[in-house]
Amino acid sequence: MQVLILSIWVTQGILMFFDEFKFHHERGLKQWERVGHPIDSFFFLIPFVYTLFFSNIYVFIALCLMSCLIVTKDEFVHAKECGALEQWLHSVLFIIHPIAFIGLWLAWQNDLVQIIQIQAFVIFLLMLYQIVFWNFIVGRKNETKG
């Protein structure tokens, strides 16, 4: 069970790595995405944190559905800003997003608390990176250029 869960999350992580460090760094992010991507990470993190403290399956499902909807909010911007390969990668990430939550549900049902904690920490670090790098480091560079 652990191998299945980890393979889902690692696959998603590898794809996120390419999205972030290939595509985002190549084209840069405008204000909408610099704010929007950490919001996506935050809403992805919430179900992980929820499972560590609560046990209502209906709230869990609602949180997962909300996250799946939130991550699609940038596609209007992506349609103009991204090339075909990045758009394709996003579509694969949209497929994996709910599957990652199925992995979370399996981990939760099998009491794999430590795996959930580690994944929650990794998601939190990604969110923190997105906030700091894109909004303070890159954002400040853009301000000094303008």
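**Exercise 1. Find which residues lie nearest the centre of the largest pocket, and describe its lining.**

Step 1. Take the lining. The largest pocket is lined by 31 residues, and nearest its centre lie Gln12, Met16, Phe44, Leu93 and Leu126. A pocket is an open set of points on a 1 Å grid over the protein atoms alone, where a 1.4 Å probe fits, with protein on both sides within 12 Å along at least five of seven lines; a lining residue has an atom within 4 Å of a point.

Step 2. Note the origin of the model. It is predicted: local features need pLDDT of at least 70, side-chain atom pairs count only at pLDDT 80 or more, and totals for chains, interfaces and linings use all residues. Residues are numbered from 1 along each chain as its sequence is written, and side-chain values use heavy atoms, without hydrogens and water.

Step 3. Sort the lining by helix. H1 (2-27), H2 (31-53), H4 (75-81), H5 and H6 (113-145) each supply at least two residues. H1 gives the most, with eleven residues. Helices here are DSSP runs (H or I, at least four residues), numbered from the N terminus.

Step 4. Sort the lining by class. There are 16 nonpolar, ten polar and five charged residues. Ala, Val, Leu, Ile, Met, Phe, Trp, Tyr, Cys and Pro count as nonpolar, Asp, Glu, Lys and Arg as charged, and the others, Gly among them, as polar.

**Exercise 2. Work out how H3 and H5 pack.**

Step 1. Read the geometry. H3 (residues 57-70) and H5 (residues 84-109) pack at about 155°, with axes 10 Å apart. Axes are lines fitted to C-alpha atoms over the stretch in contact, and angles run from 0 to 180 degrees between N-to-C directions.

Step 2. Classify. H3 and H5 are therefore roughly antiparallel, a label for angles over 145 degrees.

Step 3. List the contact (heavy atoms within 4.5 Å). H3 brings Ile57, Phe60, Cys64, Ser67 and Cys68, and H5 brings His97, Pro98, Phe101, Leu104, Trp105 and Trp108. The classes are nine nonpolar, two polar and no charged residues.

**Exercise 3. Describe how H2 passes H3.**

Step 1. Their axes come within 9 Å and cross at roughly 165°. H2 and H3 are therefore roughly antiparallel.

Step 2. Find the partners. Among them, Phe43, Phe44 and Pro47 are on the H2 side, and Phe60, Leu63 and Cys64 are on the H3 side. By class, this contact of H2 with H3 has twelve nonpolar, two polar and one charged residues.

Key. Angles under 35 degrees count as roughly parallel, over 145 as roughly antiparallel, 65 to 115 as roughly perpendicular and the rest as oblique.
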